[in-house]
Amino acid sequence: PPLLPDRNSSMATLVKFQPFTSTIDVPFWFEFTRKKLDELRLSEEAVEVHSFVGTGHHGDVKSAVNYSMDSFSDSFSPPPQHFALNGSLTNFNTIESFKKADKKELLSSGAQLIWADIKSRAAFKNPALLSPSTMITYSDLKKYHFYSWVCYPSLVAKENSYNTILSEPVSFETAFGSSYEGIEAEIKKVYESASSMFHLLLKEGGADDSFSLKPFAEFESLPQTSYSNATLVFLDPSNRETSLGWPLRNALALLNDVGFTEMKVLSWKQSRGGVEKGTGILHHIKLADFSSQGDDAVKGTGWELNSKGKATPKFVNLAASMDATLLADSAVDLNLKLMRWRMLPKLDLEGIAKTKCLLLGAGTLGCNIARSLLGWGVRNMTFVDSGKVSYSNPVRQTLFTFEDSKKGIKKAVAAAAALKSILPSVNAQSVVMTIPMPGHPVQKQDEEEVAANIKRLSDLIDAHDVVYFCLDSREARWLPTLLCSEKGKLALNVALGFDSFVVMRHGIHDYSSVEVTGGEEKEELGCYFCNDVMAPDDSVTNRTLDQQCTVTRPGLSFMSSSLAVELMVSLLQHPMGGRAPADLAQDIGTTTTTDLGLLPHQVRGFLTTFSNLIITGKQYNRCVACSPPVVHAFRKSGNSFLFEVFNKPSTLEDTTGITAMKAEAVDMDTAWGSDDDFDM
């Protein structure tokens, strides 16, 4: 809406106010429909409705008045750093009665209530009384058509009396000099508590120019001798430097009725939920005169205007949105959008939502990673697992139930079904298959099946953007590591010990000119196998009972799974994505690579000391999974190379030169140990 001066007069000196605009979320109408059907029925009596508003963002997203599903709740509480507004809603049963509603009378009634709260001084103790709202609605519940119009009454002074600018506005820093930082610290405290938009800043006098921030109510008892030392601190919802927020109009009317004829107003706006410093501008205003305003003659303005400046109701067709499944989608997206609106304006939620994630393993890690991905709005996930849900699984593996274990359902199938029961719109797929592994020989009669599994895994990695390794053995991670390396896919590896874990992203490398030998080591990120000098082998056969089960402290899987997902989301905010360089550990409060924080290579957690370490490891030129010789051998020989590795894992050590390196080490040890070299 356009900025409105107090009246049509000299635009050069009038204070401009930015009218409120309303944002009504889809879940609001869902709750309204329930309330209409179950409680209001045919009643046209006004009901209480709540909303919330925050401080403005200069030149950024406008801080509108928000109506949500909780707006009808008796225990309504605004989000942090937002201010609660109270009002009424009147629903009309026909479109005709909605159109014929006496808008002037509704506005006049609202203005009279504000004036009564000013005269009784109740508005000092409860400043929210200065910002009421009146909403009228009509709903066609057969078609899910909703009409709404909101009035935010604001008092108008007698003829030819307006709020005008006495002097040019100045910045917060300029106005308060050396006292600026101390004052801002106090303002930040009241901003965090969001108790009121209005506060009294009082100069205490003396040579040190000290100031104190006091509750708005103390204006009422302030002696006239202190008027010149008073400043009204206004946590301003306007998002423009040239305008002030709508609630200030009524606050100035209250102060004028107390006896003020002019007022210094510090308009303070905080962006990004307190992450960045606030912005303050000091305005010196001559107040409109309400001194001779009769109780019956009070007038108001405030019906919401559209983007063209016309007073007209809003219409929304929610026929497609009122389905419960779509509503759930909307509610999930709203939670995420709140982060972008108030904390992270550049957060790429769309990029996160369209990311396709492949989860290799549907056990403890796979279940918890899937839940975290769902919380971030990821809608496309595929589980790969060959196991069945056992009786010990449901207590740690959060997507399974006792009934799943009774029926012996495949883990991948049960996990996908559970996700759909949580959010029906999610595209959760299941693939029941075994990943071929080094040290697990392939019999002649099984070669066709193993080859099919290799192709299936390769195709799955091609079809997804991010691959999570949630597997329970070292050798099971080898083939996915090789395939992700060769294809340049982002791989996130999570592994658990008894009381420790590692979360790491594999480096993404350019193999366009792969050499047969490893060549010189490069400053590129390594993979899960880059710290080893031995090929993965069979670690599954002949395991004892304690080795067959994942013996780990229960909380580790939640901690590591969450970190893995948060690392992915942070990487998606970087222009280079998975190829982004690794960050080292930094002190809290320092500038980070992305708005969400650091982009580490590895996070190693230790539950015994409740600590994490950020570690960076470079690619090993003889790595058995991601080094150029291995990728070259795979590209050259394909499945024949893989079958050789499955049947004889030492092939990897031969291919990378580890075998020769070990032989050289033995020869060197023998040479050092020769009796000929020493005279004893």
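Two strands are taken to pair if DSSP finds at least two bridges between them. Helices (H or I, at least four residues) and strands (E, at least two) are DSSP runs, numbered from the N terminus. The model shown is predicted, with local features needing pLDDT of at least 70 and side-chain atom pairs counting only at pLDDT 80 or more, while totals for chains, interfaces and linings use all residues. Residues are numbered from 1 along each chain as its sequence is written, and side-chain values use heavy atoms, with hydrogens and water left out.

**View 1. An open sheet of 8 strands with mixed pairing.** Reading across the sheet, the order is β20-β19-β18-β21-β22-β23-β24-β25. The edges are formed by β20 (427-431) and β25 (611-615), each of which pairs on one side only. From one strand to the next, the twist averages 15 degrees. Look next at β18 (residues 356-360) and β21 (residues 466-469), which pair in the parallel sense over 4 bridges. Here Leu358 stands opposite Val467 in β21.

View 2. Contact here means heavy atoms within 4.5 Å. Axes are lines fitted to C-alpha atoms, for helices over the stretch in contact, and angles run from 0 to 180 degrees between N-to-C directions.

**View 3. Ser405 in helix α11.** This helix spans residues 402-407. Buried means under 20% relative accessible area, exposed over 50%, and partly exposed in between (1.4 Å probe, protein chains only). Ser405 is buried because its relative accessible area is 6%. Leaving aside neighbours within four places in sequence, Ser405 is in contact with Val389, Ser390, Tyr391 and Pro394. The C-alpha atoms of Ser405 and Asn393, 12 residues apart along the chain, are separated by 7.7 Å.

**View 4. The largest nonpolar core has 71 residues.** Such a core is a set of buried Ala, Val, Leu, Ile, Met, Phe, Trp, Tyr and Cys residues joined through side-chain atoms within 4.5 Å. Leu130, Leu155, Phe198, Phe219, Leu232 and Leu248 have the most contacts inside this core. Helix α7 (residues 247-258) gives the most to the core, with 7 residues. Setting aside neighbours within four places in sequence, Leu155 has contacts including Ala111, Ile114, Trp115, Ala253 and Phe290. Apart from this core lies another, of 50 residues, among them Ala362, Ala370, Val389 and Leu607.

**View 5. Helices α13 and α18 cross at roughly 115 degrees.** The axes of α13 (residues 447-463) and α18 (residues 639-647) come within 11 Å. These two helices are therefore roughly perpendicular to each other; angles under 35 degrees count as roughly parallel, over 145 as roughly antiparallel, 65 to 115 as roughly perpendicular and the rest as oblique. Glu447, Val450, Ala451 and Ile454 of α13 make the contact with Asn639, Leu642, Phe643 and Phe646 of α18.

**View 6. Helix α17 packs with α14 at an angle of about 85 degrees.** The axes of α14 (residues 478-487) and α17 (residues 628-637) are 10 Å apart, and the angle makes α14 roughly perpendicular to α17. Trp478, Leu482, Leu483 and Glu486 in α14 meet Val630, Val631, Phe634 and Arg635 in α17. The buried residues of α17 are Pro628, Pro629, Val630, Val631, Ala633 and Phe634. What covers them includes α14, α18 and α19 (650-656). Just after α17, Gly638 takes a positive phi of about 60 degrees.

**View 7. Arg41 and Arg121 have positive phi values.** Most residues other than glycine have a negative phi. Arg41 has a phi of about 55 degrees and is found in the loop between α1 (26-40) and β4 (47-53). At 56% relative accessibility, Arg41 counts as exposed. Arg121, with phi near 70 degrees, sits in the loop between α3 (103-119) and α4 (122-125). At 18% relative accessibility, Arg121 counts as buried.
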